[in-house]
Amino acid sequence: MLSSKNIVRLLIVDASFEDAEMVTNLLRKMGFAARASRVEKEEEFREAIEGQSWDIIVCAAMLPQFSVARAAQILLQSEKDISLIIIVDEKTDSDDIDEMYVAGVRDVVLKSRPLRLQSVIKRELQDLENRRARRHSEVVLGESERQVRALLESSRNAVGYVHEGMHIYANRAYLELFGYHELDEIEGMPLLDMIAPEEHNRFKAFLKEYGASEGKSAHFTLRAHKADGHTFTAAWEFTPASIEGEFCTQIVIRDKTYDLAAEERIKQVQQRDILTGFFSRPHYLELMEKWVIAARAGDRESSLLYIAIDQFNRVRARVGIGASDLVVVDVARILQQYCDEKVILARFGDEVFTLLLPHGSDEQEDALAEQLRQAVDRHLVEMDERSINVTCSIGICRIGESAPGGQQILERAHKACLKAQEAGGNRIERYRPVIEDLTDQEKIKQWEVQLREAMNKDGFCLFYQPIVSLHGETEEIFEVLLRMTDDAGGYILPEKFLEPAAQLKLMGEIDRWVIAKAMSVLHSRHQVGQLTRFFVKLSDPSIHDKNLLPWLKKHLQESGLDARSLIFEISESSALNYLKRVQQLVEGLRVLGCQFALEHVGTGLDTSNCLKHINVDYLKIDGAFIENLLQDEQNQEAVKIIIEMAKEAGKPTIAEFVSDANTLALLWQFGLDYAQGRYIQEPNQFLSYEFSGGI
């Protein structure tokens, strides 16, 4: 997929600025940096298509001076690979939509369905990336096949290609060996015609055996049949191959006097880029994998520099394809001047070079990168009677002991380079690990560092959400929710960090951090007469932590806090799984004076069993039943049963995820005691809810 840091060039055809802004906001929410322009007239659209490159076009179906069919026609005539997406309203006739598809639009989306539009844009950007990659691969493959064809023609070895028993290609040496002058004399000729008649049976038996060898090379010696009727003994080599995309068999009859030299020459040419003389991309990838393996084994760390000429498409458009090659060659020469024999250089793409160098220090690598950047920036490329100046951006990525595969290393260096270019180009960026980019092992290590720093340096913070009585009670009760702060000053939600925390066996420590912080806040509020109470969650490791109760008792004594202000929560499924241990924990909490709540009620297999064996103070109904309560009769029935069961047991009930007044009213009718959710108040860092004012 396109990197979330990539710039998406978006053309919006819409008379409404607000609708256009809606589309760009969708892209930003998807993590893309949108570079958008808006047009509403045909002439503006034509100029935009002809004058700039776009990744995607989003067009309103109803324009006062412009039709979808006309937009599709202009785009088709431009021969540019851009997806056209149409936004329609509910009133649009289905026949009109069919005509849009016939005209060549990629998709039609209702304006009222922004999530579908997001999905369509994501799909089209992925398809665009795939098409671009395929076209590039086709160019590289075509060039490689051209090089190989040239080498084959100059080889002294006789080389032919056969598909389904018929010749499709033969080099000059092959033609001469069998007494032919031109390729068209043997194109379509059966291979069997090249074999002496007396060898046919033996050759057919060999072919049968070769066909069962599942693509392995095979050697066979037999007499060959020339055009003039003469025969000679030859050593044939059969190898699976492809030519111009066609799967076939390669036949080589070697010239023993030239065998090794020809093979070495072919190998050397295939390893090099024709334009710069640097290593080619395929060979470079092979070398890089070897360096990655060495780094993983602890034998040798290294680093990758990913160097891209800035705004190369503009350079190419300005000077032409031929002259742009001169720019590439000049930059290659500059790179070579500053790199010694220890550095492996490659031309990785049209305007991209990669350097593999043994890792020294970050300072040494940064210094080399800065030398290269400055040298390119200072250089003037001379062409005819004019000069052109280009700059480059450089991404640096370490290849260490925990390095992923070579492709991921390249992606990391590429991301760093993109970041440099998005910041204006002509600069250097070093790849800094982001958790989403790491391998599973690296992610866990990174999370361990972050989580421990959060506990030791207040990288965690508490959010609070009020739990409000539906029957007039004004007691201040909040649920404590945990957040982690990030480097940008934002907040990381628990669903991101709790799973790695569990894998690292840190949940018990995190629970204690939350409890200690909550007790400190409660103590401060009690000191000023605010008799607040907190619901605090306990994870499974805390259920099994035999030292939790002594630790809690010590902290309660030291703080002088009223233990009744703490209500500890455990999920219903955990209580059922560890029933005996939860019984012991709850009794221990009661001895200290704390209360206990069962949360996510309704998700377990037997709620009544929990109530029978555990002395519960509150039941919190699982939010999944509440979110769609108005529309789902089964959810309504489940909530009624839980409330009735709780009333029979004399336990108050709490519903979380209450998001609107109608849901709250229905819950009140069911007899619910307390409510919690966005409708009442979003979670925040401030204990600011006014309980005396009612809901």
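A: The crossing of α16 and α18 is right-handed (the near helix is turned clockwise from the far one by less than a right angle; helices are DSSP runs of H or I with at least four residues, and strands are runs of E with at least two, numbered from the N terminus). This is a predicted model, in which local features need pLDDT of at least 70 and side-chain atom pairs pLDDT 80 or more, while totals for chains, interfaces and linings use all residues. Residues are numbered from 1 along each chain, and side-chain values use heavy atoms, without hydrogens or water.

Helix α16, residues 507-527, packs against helix α18, residues 548-559, at about 20° with the axes 11 Å apart, the axes being lines fitted to C-alpha atoms over the stretch in contact, with angles from 0 to 180 degrees between N-to-C directions. α16 is therefore roughly parallel to α18 (under 35 degrees). On the α16 side, Arg-512, Ile-515, Ala-516, Met-519 and His-523 meet Leu-548, Trp-551, Leu-552, His-555, Leu-556 and Ser-559 of α18 (heavy atoms within 4.5 Å). The residues of this contact comprise 7 nonpolar, 3 polar and 1 charged (nonpolar: Ala, Val, Leu, Ile, Met, Phe, Trp, Tyr, Cys and Pro; charged: Asp, Glu, Lys and Arg; polar: the others, Gly among them).

Turning to the rings, the structure holds 18 aromatic pairs (Phe, Tyr or Trp rings, the six-membered one for Trp, with centres within 6.5 Å; stacked under 30 degrees, edge-to-face over 60, the rest tilted). One of them is tilted, with Phe-178 and Trp-236 5.9 Å apart centre to centre and 50° between the planes. Phe-178 lies in helix α6 (residues 172-178) and Trp-236 in strand β9 (residues 231-243), so the pair ties together parts 58 residues apart in sequence.

Definitions and conventions. Angles under 35 degrees count as roughly parallel, over 145 as roughly antiparallel, 65 to 115 as roughly perpendicular and the rest as oblique.
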